[in-house]
Amino acid sequence: MTVIGEPLTRVDGRLKVTGAAKYSAEFTASKIAYGVIVQSTIPCGRIARMDTAEAAGLPGVVAVMTPQNTAKLSSPEKRLSLLQDDAVNYNRQPIAIAIAESLHAAQSAADMVRVTYDQTPAKLDFYAGFPASYTFSHNNEPGDMSWGDVNAGLAQAAVRIDQIYTTPIEHHSPMEPHATFAEWDGDQLIVHDATQNVFGVRQTLSRVFGLPEGNVRVLAPFIGGGFGCKGQVWSHVVLAAMAARHVNRPVKIVLDRPQMFGPIGARPRTHQHLTLGATNDGKLTAIRHEVHANTSVLEDYLESSAFPTRVMYACENVATVSRIVPLNLGTPTYMRAPGVATGTYALEVAMDELAYTLQIDPLELRLLNYTDVDPHTKKPFTEKSLRECYSRGAEKFGWSRRNPEPRSMKNGSQLVGWGMATETYPANRIAASAFVRLLSNGRVLVGSGSEEIGNGMYTIMTQVAADVMQVPVELIDAKVGDSTLPQAPVAAGSMSTASVMPAVKAAASEARRLLIDAAVGDPSSVAHGAAPDEIEFRDGKIFRKSTPGRTETFVELIARRGGKPIEGAAQTRPGEELTKFAHHSFGAVFAEVSVDPDLGMIRVPRIVAVFDVGRLINPKTATNQFVGGIVWGVSLALHEDTYIDPSTGRVANANLGEYRVPVNADIGDIDVSAIDIPDTNFNSVGARGIGEIGITGTGAAVANAVFHATGKRVRDLPITPDKLL
Ligand code: MOS
């Protein structure tokens, strides 16, 4: 029985579609109070006066917390130093919180808090901030990294591409808003939080409130989309716990949609200067990728757009440079394929421009610069099958039928364009732990403090445990999203599957070993006295290989132990493979667009993508991830754009009506597949991550298709109709 690799339907699907799955905003308590955050209306300055008398006098209002009456936090971090002073560092910064018996009363009270400010000039001009910009690291990787001699490489180049590409600020906009329910029991804190990282929330809350980590429990059994904004602890999480302590009651804070734009992170704006040098026969001689991206004045965050350039193509002379520009905006954060989505857009459009300059097919140009090793360290990849992705993708898409001439392909009155790009995302993995418990009732419980953010975690944990234990999937229950479970990483960086599945596999193997030991040592067992390798365990039954007709169930065995469950636990972590190899996933994406030449309207009737991500644990949930990523890529290319009012620093389109994301009518046929070669150099299950790679490259493939259709190169995303006319 092999369950790994089967398209098992989501084991939590029924709970989700029937509404039985409980999300953070749905948790409640008998004495609950509701918190509503008051936000600043200026981008920079000080609160001169805050008048709460009217608000506090409203019926049902329990308290209004302001910097004047709020307890000092024992270990405040800058962004989480909430209501501790009168400083305002961005528009819509939390400056007070109204707490009431009902949500309605809390909203009314929040509206009635009167604030006057002493305003000081805000840093809101991205370009004006360039001279004062500085470098920063991303996930411990330096922002600047170079090898060879780029100037020499450019000097020897026969052709050069030298262009600037820009991407706007974007907001994650998951369907489920951020929500936190906090309850104190003495100095014990329980929090239901919409988070991708229960252990991260536990760690931060324990630090901010000066508590041992064991005093804080964080739960998040289901998350309605995260995409990075739920990977951090933002102000509302700490405010909910502060408010609950202040009023000595459970408090719930649910952000409304406008509050999802500003205080909970965003993909920062990027300005990317790409310079490529190449020989006449298409070999890259130099790449320079210089990135400016905004951060906030409170914290440093780097959008690592130059990083994919470090791994994509064979080139001896490469310089990647990152600069961050502090602005009076909310701190940016990770957003699906942070850095890589924006960076592959610029690099892969520049490659398309190079292909046109050289009159070489864009796919051929990629193959001419293919690398089997990390171009900087020269280390081999744990596994790389990008050539197969290119060839399969091209075949499925019909790339060979493309006429390279812009504006040459038509469908009636519509211009048709075909574009392609390479996709990549780092293969990340960190330590993770899990348990697998055989229960007296015949069920198997598998637990890990990982997260279900739509990634299919419940389902693939079930599959890996079922595979090792040889127990039907119907008998397995999976548990995630609770900081009392074994520690697991934040569900981010496309690393949950790659990190947690080896732990589940090891825990299940340990449970199996303990079960066989127990049987061998049990005088009443059919396996008593046998050597462990003479025993088989299948379909929940133990038997000797020599006498498969004489079996007993693990339920019988556990019953004779007085019902004591058999539990295997394991922690797994990456080993020397992390330094011996380079570890990245790759893919090839092909897009067709049709463009109305009179209206500039762009449609994307079809996309074909082939991924190289190691082994798929579940092709069904994997397809969801790939398709979701590709939809985000279309969105990056054509739709998303946060408008910041240049004088107030306020998000002007902080709603789902004016912040455009694709709807069903915007998305055509998406054909995804994977090479599905187990990457056994990377981990014991052979799987790399799949959550983010789909967005990378896709923006460029669509942009390149728009150029092919129209002959017009738009280098500033999103490509909206006005930019084509
Ligand atoms: Mo993701 S942006 O690593 O949650």
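## Ground rules

Since the model is predicted, local features need pLDDT of at least 70 and side-chain atom pairs count only at pLDDT 80 or more, while totals for chains, interfaces and linings use all residues. Numbering starts from 1 along each chain as its sequence is written, and side-chain values use heavy atoms, with hydrogens and water left out.

## Domains

The protein chain splits into domain 1 (24-121 + 175-225 + 230-260), domain 2 (270-428 + 579-724) and domain 3 (430-573). Those bounds come from an automatic or database domain assignment.

## Where domain 1 meets domain 3

Taken over C-alpha atoms, the centres of domain 1 and domain 3 sit 40 Å apart. Domain 1 puts 16 residues into the contact and domain 3 puts in 18 residues, with contact meaning heavy atoms within 4.5 Å. Together the two bury about 1300 Å², 51% of it on carbon and sulfur atoms; buried area here is the accessible area (1.4 Å probe) that two parts lose on being put together, summed over both. Gln196, Phe199 and Ile223 are the trio to look at: they supply 45% of the area that domain 1 buries against domain 3, more than any other three residues.

On the polar side, there are eight residue pairs in polar contact between domain 1 and domain 3 (both at pLDDT 80 or more). A polar contact is a pair of N or O atoms within 3.5 Å; within protein, one must be able to donate a hydrogen and the other to accept it, and residues adjacent in sequence count only if both atoms are side-chain atoms. The side of domain 1 that touches domain 3 draws at least two residues from each of α5 (198-209) and β11 (216-219), and β11 gives the largest share, four residues. Helices (H or I, at least four residues) and strands (E, at least two) are DSSP runs, numbered from the N terminus.

The salt bridge count between domain 1 and domain 3 is one. Aspartate 482 and arginine 217 form a salt bridge, with their closest N and O atoms 2.5 Å apart. The cut-off is a side-chain nitrogen of Lys or Arg within 4 Å of a carboxyl oxygen of Asp or Glu.

Three strands make an open, antiparallel sheet in the order β4-β2-β6. Its edges are β4 (87-88) and β6 (114-119), each pairing on one side only. Strand β2 (residues 45-51) pairs with β6 over six bridges, and arginine 46 stands opposite aspartate 118 in β6. Strands count as paired if DSSP finds at least two bridges between them.

Strand β15 (residues 318-327) is largely enclosed by the rest of the structure, because nine of its 10 residues are buried. Buried means under 20% relative accessible area, exposed over 50%, and partly exposed in between (1.4 Å probe, protein chains only).

β15 has an antiparallel link to strand β7 (residues 145-147) through three bridges, where methionine 145 faces threonine 320. With strand β14 (residues 284-296) the pairing is parallel, over 10 bridges; there asparagine 294 stands opposite valine 325.

## Two buried residues

Arginine 267 sits in the loop between β12 (251-254) and β13 (270-278), and is buried at a relative accessible area of 0%. Its side chain reaches the backbone oxygen of methionine 335 at 3.1 Å and that of arginine 336 at 3.0 Å.

Aspartate 467, in helix α10 (residues 457-469), is also buried, with a relative accessible area of 19%.
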